[in-house]
Amino acid sequence: MKKIFLSLLAINMLIFSGCKKSLLDQNDPNNPTPSGSLATESGMISYAAGILQRTIFDVPNAGNSNILAIAMSTQSVLGDETFVPYGNFGWRWVDQVYRITLPNSTVVTNPFGVTQQVSLQGFNSRAAGDRNAFLYEWTVCYLFINQANTMLSSIDGVGLSGDAATKKAAFKAWAYWWKGLSYSRIGSTYLAGLIYNTIDVNNNYVDHNAIIAEANRNFDLCAAELATLPDDGNEDYDLLMSQMVLSFNDNSHIVSPAMWKRAINSYKARNLLVNKKTADMTAGDWQAIIDLASNGLKSTDNYFKFGMTSDGNNDLSNSFLHPLLLHGPNVQFAFLSERFVQDYKVGDARFTRDVVELPYPPATDAYYDLSAFTDLRARGLQFGTRWGAIPIEDGGSLTTAANEGFTPFACSYEENALMLAEAYINKSQIETGLAYIDAVRDYQNSGLAHVAGTSLNLAQAKEELRRERRIGLAIRGLAFFDARRWGVTAPASAGGGRANAIVYLPSAVAGTATDTPKPCFMEYNYMDYWDVPQNELDFNVPATGSAIVKNP
C-alpha cells in the first residue's frame, strides 16, 4: 500500500463567509444538530456553501480525506480510463480485472485468482478501514442529502433581505439539486439505498430504480423553484449564487435559472441512459432521451464545477484528492490506461495536446521523470502503461501540475450532445446522430474530419459514438456506467469483455526481447451495482421487506 499523509484541511471562516467549521461538523448524518444561526440569512448562506465541506471525512486509517474526489476517481478506475495499483481507498481491488487472454491464447488470471466482487466484498467491513471501496460514494451522498434536508427544514423560518422570494427559491433549488444529484449517484452505483426527506432514521432500503425515481423527483422540485425565477436571474439571485458556490469552484460564471433547468434535463437523461443496459433500451427510451436532452445543456451554458486553488489550500483537495490531480506529474498515484489511450482516433489533436509517451527504460519523460512500466509490483497485467497526461498548464485537459482546471459535478454540454447522438443513432437516424459527434469534436478542437455525410452504417456509427464518449467525456465519472450498460464489464460467458484491448506486457509474458504492447482480450467481470457498505448496515439493519442490499 502506498502511504498517504493528509493534513487537516483548513476550512475556515474566510471560505464559508463567517460560518464556524463547528457548525458544519455533524458526525451522525441521521441526527444533525445545526446551530440556531440557520434562522439568519448569513447563516443559511454559510450552511448552503458548506455543503461541500461534507466531502471532508475522517476515513478510517487514512484521516481527513475528500471522499467525493475518491468516489469520482473510483469511477475512472472502474471505467479503465486510469488505474491505481495501490490499495488505498480500495482502488487496487476496484481495478481487479478477472482474466486477460494473450494473443497466443494464454489466459492470465489476476494474482488473487478471484473476481472483483469477491475481493470487494471481502473488504466490506468497518475493520477494513479505508480499503472498503463501497464506503465513499455512499457516505458523501448521504452527508449531502442530510445537509440539504436540514436546509429545507429551516428555510421558511429565515428572515431574508431584498428580494426574499428569489432568495428563498434559490435556497430551495440548491438543496433539491444536491439531493437530486446525490440520489442519482447512489441509484447509479448501489443495489439499494435509503430515501430521506427528513432527518429521522430510516431502515427501509429500496432498490436502485426507486432511488433514481427519487433523484428525478428532487430534480423536478428544483426545477419548480427555478420556474418561479426569471430565466436570466436578477441581482439578488446572482449575488446569492456567487456566495453559495465557492470561489475555487468558479463562482464568477453564474449558472442562471435557465441553464440550471437545462442541466436538470441533462441529468435526468443521464439517469435513464446509464441505468439500463443498451440492449434493453426501447424506442420509447431513446425518444425520452431525445426529449430531455433536446432541452438540455447548450455549448454556451455555465455548469457547476469542482476546482482547486493554486496553492492547494482551503480548496478541499490538499493538492492531492481531486480527479485532475491523482494522475498528474506531482502526485503520480493514478496512471492513464492503455485501453483509454487506444481509443483516440488517428489525427485527433486532443491526443497531441493531452498525452505524452513515457519512454522505454532507462529513459524518462520531461513531465513525470518516469519510464514506461509493466505489471507494477506484480499486481496484474492491467497495471502497466506507456502514457502520461500532459498538464492543463501545458496545453492538456486531463490533469494538472499546478492545481488548474475543473471537473463537472454533474453533466456538461458534451455529455448532453453525445446522449442525443446515441439516441438518434439507435433510432436509425444515423446522420443526425453523427452530426452531434462532429459538434462535440469541433467544440473540443479535435481537428478530426466530420463523420456525418460519410455513409457510415449502424455498427460504424456506434463505434464512433463509443470512442467519442471515451475521449470526449474523459475523467467525468461516466466510463464505468458506459462499460456496464454496453456489456463490457459483464463476464465473458455472458458476452462481456473487450477484444483487442491493448495491454503493455512484460517481455517474459509477451515472449519478446523488450516489454511490448499487444492486443488482448480483457475480461473485467465487474459487479453492475455495488453492495451497501457494511459501515451502514452494522448500525442500520434493513427492515423487513427491504430490497436486496448485497450481491449474492
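**Charges, fold and selected residues in a predicted model**

Colleague: How far apart are the mean positions of the positive and negative charges of the chain?

Modeller: This is a predicted model, and its chain carries 43 positive and 55 negative charges.

Colleague: How many helices and strands does the chain have, and what is its radius of gyration?

Modeller: The secondary structure of the chain consists of 18 helices and 14 strands. For 552 residues the globule rule gives 24 Å, and the value for the chain is close to that, so the chain is as compact as a globular protein of that length. Along the principal axes, its C-alpha atoms fill a box of roughly 75 × 55 × 50 Å, and the radius of gyration is 23 Å.

Colleague: What share of the contacts with a separation of 6 or more comes from residues 24 or more positions apart?

Modeller: Of the 552 residues, 61% count as buried, while the chain exposes about 19800 Å², with carbon and sulfur atoms supplying 52% of that area. Among contacts with a separation of 6 or more, residues 24 or more positions apart account for 71%.

Colleague: Which residues touch the most other members of the largest nonpolar core, and which residues does W177 touch?

Modeller: The largest nonpolar core holds 168 residues, and those touching the most other members are F171, W174, W177 and W260. If residues up to four places away in sequence are not counted, the residues that W177 touches are F219, C222, W260, A263, I264, F304 and A410.

Colleague: Is E464 buried or exposed?

Modeller: E464 has its place in helix α15, which spans residues 458-472. Leaving aside neighbours within four places in sequence, E464 is in contact with K345, L434, I437, R441, V451 and L456. Because its relative accessibility is 12% and the cut-off for a buried residue is under 20%, E464 counts as buried.

Terms used. Residues numbered from 1 in each chain as written. Predicted model: local features only at pLDDT ≥ 70, side-chain atom pairs only at ≥ 80, totals over all residues. Heavy atoms only, no water. Helix = DSSP H or I, 4+ residues; strand = E, 2+ residues; numbered from the N terminus. Rg over C-alpha atoms; globule rule 2.2 N^0.38 Å. Buried < 20%, exposed > 50% of the residue type's maximum accessible area, 1.4 Å probe, protein only. Contact = heavy atoms within 4.5 Å. Areas by Shrake-Rupley, 256 points an atom, 1.4 Å probe, with all protein chains shown as cover. Lys, Arg positive; Asp, Glu negative; His and termini not counted. Charge placed at Lys NZ, Arg CZ, Asp CG, Glu CD. Core = buried A, V, L, I, M, F, W, Y, C linked by side-chain atoms within 4.5 Å.
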